[in-house]
Structures are given as C-alpha cells and as structure tokens.
Amino acid sequence: MATTDYIIKEDNTQKIFLSENTLNVADILKKHYIYIYEAIIDEGIILKADECSLFKELVFENKVVGFCSYDFSREFITVAINNIYVLPEFRGNGIFHDELLKTMKEHNKPSIMEPTRLVVELLLRYGLAKKITQNIVASSLEFIIPGSHVISNGNYDASEELSTHFYDLNICASIHILDLENTHIAYSEPLNYDIIHYDVLENRRFIDENYFSKIREIFISRDVEIMNVILDLEDMLPVKSYSIEDVVGSGDEFSPYIESLIDDAHVTHEKAVRIKQQMIEEYEAGMIVNESLMIRLAYLFKEDVEPSIKSHSDVCPYCSMPIDSHDKFCHFCGINLEFDPEEKMDSLMEFTNFNQVELSEDIRFVAYKFLKLIAQGIEVEYSIFTIVNTYDIEWSILKKYLEENRYFCNGKITEKGWTFMDNHPLNVYEKYCLNMVDYSDFEAYFYENDGLDKKEIVLNYLKQFNDEFIDIIDEINEN
Ligand SMILES: [Zn+2]
C-alpha cells in the first residue's frame, strides 16, 4: 500500500470552512483532501449529507486524518453534525469524542443528524449515552431526523423534522414517542451504512404493533428513571456555561452575540434593546435557564415565529413546538419547562384567602392579576396562558375588559392601567400588610367605601375589630 501524504498540521490546529450559504462536502474533500475522499470511496461509504454550513478538519498527532461537517437544523436551533469520517488506520483514538467535547466547551451541545448505529455505539463507549434496555439507548446529545426520513405507525407530516434522545440498536433507528397514550411512535428510515453492516432490513421485519406496545410499556413504566438517566448524562457534559451578561451584554453594552444578530437579521437597535431587557426580566423570573439563554436569544430575534411542527402530543406551553417530557427547557424557544407560573401566582397571592369560583366572577381581580404579571416582566403570551389556566376565564373576555377600560394597549400597561393597579384593593391590602384579615371581606368593604382615601379605608376597616389591631392602626398612623 502506498504511503499517504497526510496534510501536516505542525501546531495541531483545525482548519474550518464556514459559510452562510451551503458548502458542498465532496467538493471540499476533492479539492483539499483528496486522500480522505479516496479512502471514503474505497470503503464504499456514501456521504450522509452532501452539503453543510460548517466543515472542520479532524487532526490527530499533527496529521489531518478525517473531517466532520455540521449543519444548522431548520426547526431546532442547534448545530448538528451531519458527516463524520476518520481514516480507518486512525480509528479507536477517540478523535470523534475529542471533537464533540471541543464543540461543547467552545460553543454549545451539538446534535447529530441521523446517526448510524456505529455513531451511537461510539456515544455509548464515550459515556455520552446509556442503554436503558438491551437495545434502547438514551443519549445526552439529540438526534435529528429530517421529516422525509421519518416513518411512524400513524400519520406523520413529512415536512416536520424530528428531534429525539432515543435510539434502538436492533432496528438501527432513532426512535421518538409522538403520543404515548395512543402509542404513536416515530422512527428513522434505515441508513445505507446500517443496511450493509447490521442487517437492518431483516431486523425491521419484526416491527409490528407488538413492537410499538413494548416501547410504550417501557416508557410508561420507567418514565422517571429514564428522565433521570438523561438528566444525569446531560449534567456530565462539559457544556460551555453562559451567564446572562455573556449573552446579552452588561450595562448598556450589547454582547458580541447580539451585535452579530443585529448584523445578520438586520434588526433595529431599538428592538435589540427591547429583547435584551426582556431576556433579563425573563431570566430573573426563572423563565430561562443558563443552558437555554442562547436559544432564547436566537428565538426572540427570529421574526414571525409560528409553530411549524404539529404532530406531537406534548408541546411547549409557550411556543407550541414539540417537547419531550425529558427536556429541561424548550429547544425551540428556550423557555424553562420547569418554570411554574402557578408557583409565581402563589407567591403573588400569598396570605389571601383565595376562592377560585368566587374570584373568577370578579373581573377586576383577574385583570389586576394579569397586569401584575405583565408588570413583573412576564411575557404577554405567557401571562395570558397563566391567567386563563388559573382563573378559568376566557382571554377574549378579559381582553375586552382591558380594552374597554384602556388599561392595556399594544402589549403594555397604560397610564390608566397603572392607576387601576395602584387603586386595586389587593394592592392596598398588600401595601398595608393586611394578611391578618380575610382578603375577600376587606375587598367587599373597600368597594363599598370606594371614593375615600385608601389609608382611611384601611383604618376604618381595622377599627371595626375594636382593639384587636390597635398596634397596626398606630403603626399606619405613624407612617
Ligand atoms: Zn417553546
């Protein structure tokens, strides 16, 4: 065998090809890495993706011994590996592993476009994935399947990309549960490489309703355990941790990320300021976690985002894109899926004797609660979602009330709205720390005496209880 003239990298640096348009993988290989291209042909390997937006050399001991290419997922905001190749004589050196770790440390967690079984087995060996049954693997890196390569035992819209944590080694497929209750399961089409090496077609002859029921049973009976496997695997990843300042910039400055988004998306300075402010408020409210800051930023900068995937039963309450119950945050809009708006509500109505049926009849109360969420920086859509779910009120009714009173306009609280909030009995109740009395009773008294000075109402109300609250009355009088 002739010796190969490897391209030498004295300092081990990786050359990178990056383009806003697509790059043709074979063209790059033929032009710059002919020995790699020839090795691929000799092995009878067909490139999984012809095109990419990022191409990287894989360097080992000062030699270029392979490459990997990345593409950006159309639906999920993630960079996904779509080809990886290492010359046969250099395999077993953990080159792929090093590449994954490097990407995670420097940028973010990559996904893998249509992994072959070999790739999944490498993930197992590297400790980035774990078997949950003899054949089913849970991976910390997500697998992405183009919609046209998805098969399912129900209807699946071929325009919808699939993202999943799971893989079945036996049938060489990324698998994903679309609807656990109705046993709707999606899996990827067989790949050439797997057909040649793993008898996929033969093994797939056993895919029937029984197969799907078994999968369903595993995911139902071991739900919590499986979720913990993935969380544990994810916790071990050396993912770069971003702070809110890293992502949006500190003080009046914009971060380099926002600067580049302004350039790419031609967003106005004004809009960027607004997004930055929104990010800070959402982060402080616990709606975004550090791992999802970058996704959230990209999402907010995208114009007119409409949910484009509809064939999943679990969707994000915020953006309606599919989620997996094993996800910590929505991979599309970056919202923390553990964020509990109810908890936030609970803290708002602390000490109030809250009676849902009774209060839901008082639109003033619901309107106050809604505006209070907005005032706390919670996004409009999420505030609506929260209020509608908590108070069993239709948004159209609340909206009409807010519009008629002109409390809320173009997503913002108006002057009138702020005045309404200031004068609302709950605001007064909280301001004077009246939690020793029943809120509903106080509210009724307040409205009966509407028109009087707020402090006077409070004092008169407390005096009804004779000397019981004399200390508090004195305190209010003093301040
Ligand atoms: Zn979402």
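What follows is a talk about the labels used for this predicted model and the values behind them.

Visitor: Let's begin with the overall picture. How many helices and strands are there?
Guide: The protein has 22 helices and 13 strands. Its C-alpha trace spans about 105 × 55 × 40 Å along the principal axes. Of the 479 residues, 34% count as buried.

Visitor: Which domains does the assignment give?
Guide: The domain assignment lists domain 1 (16-113), domain 2 (144-235), domain 3 (241-339), domain 4 (341-422) and domain 5 (425-478). Between the C-alpha centres of domain 2 and domain 5 there are 61 Å.

Visitor: What makes Cys333 a buried residue?
Guide: The cut-off for buried is 20 or more other C-beta atoms within 10 Å. Cys333 has 23 of them, so Cys333 is buried. This residue sits in the loop between helix H12 (293-301) and helix H13 (341-348). Leaving out residues up to four places away in sequence, Cys333 touches Arg296, Tyr299, Cys316, Tyr318, Cys319 and Met321. Cys333 and Leu293 are 40 residues apart in sequence, with 9.6 Å between their C-alpha atoms.

Visitor: And why is Arg406 called exposed?
Guide: Arg406 has 12, so Arg406 counts as exposed. Arg406 belongs to the loop between H17 and strand E12 (408-409). The phi of Arg406 is near 50 degrees, a positive value in a residue other than glycine.

Visitor: Why does Thr183 count as partly exposed?
Guide: Partly exposed covers what falls between the two cut-offs, 12 or fewer for exposed and 20 or more for buried. Thr183 has 18 C-beta neighbours inside 10 Å, and therefore counts as partly exposed. Thr183 also has a positive phi, about 50 degrees, although it is not a glycine. Its place is the loop between strand E10 (173-179) and strand E11 (184-188).

Visitor: What is in the largest nonpolar core?
Guide: That core has 56 residues, and those with the most contacts inside it are Ile36, Phe67, Ile81, Ile112, Ala138, Ile175 and Ile185. Strand E7 (residues 136-145) gives the most to this core, with 6 residues. Domain 1 (16-113) and domain 2 (144-235) each supply at least three residues to this core.

Visitor: What is Ala138 in contact with?
Guide: Setting aside neighbours within four places in sequence, Ala138 is in contact with Ala129, Lys130, Ile132, His165, Phe166, Ile226, Val229 and Ile230. There is also a second, separate core of 54 residues, which includes Leu261, Tyr299, Leu373 and Phe408.

Methods:
Residues numbered from 1 in each chain as written. Predicted model: local features only at pLDDT ≥ 70, side-chain atom pairs only at ≥ 80, totals over all residues. Domains from an automatic or database assignment. Core = buried A, V, L, I, M, F, W, Y, C linked by C-beta atoms within 7 Å. Helix = DSSP H or I, 4+ residues; strand = E, 2+ residues; numbered from the N terminus. Contact = placed C-beta atoms within 7 Å.
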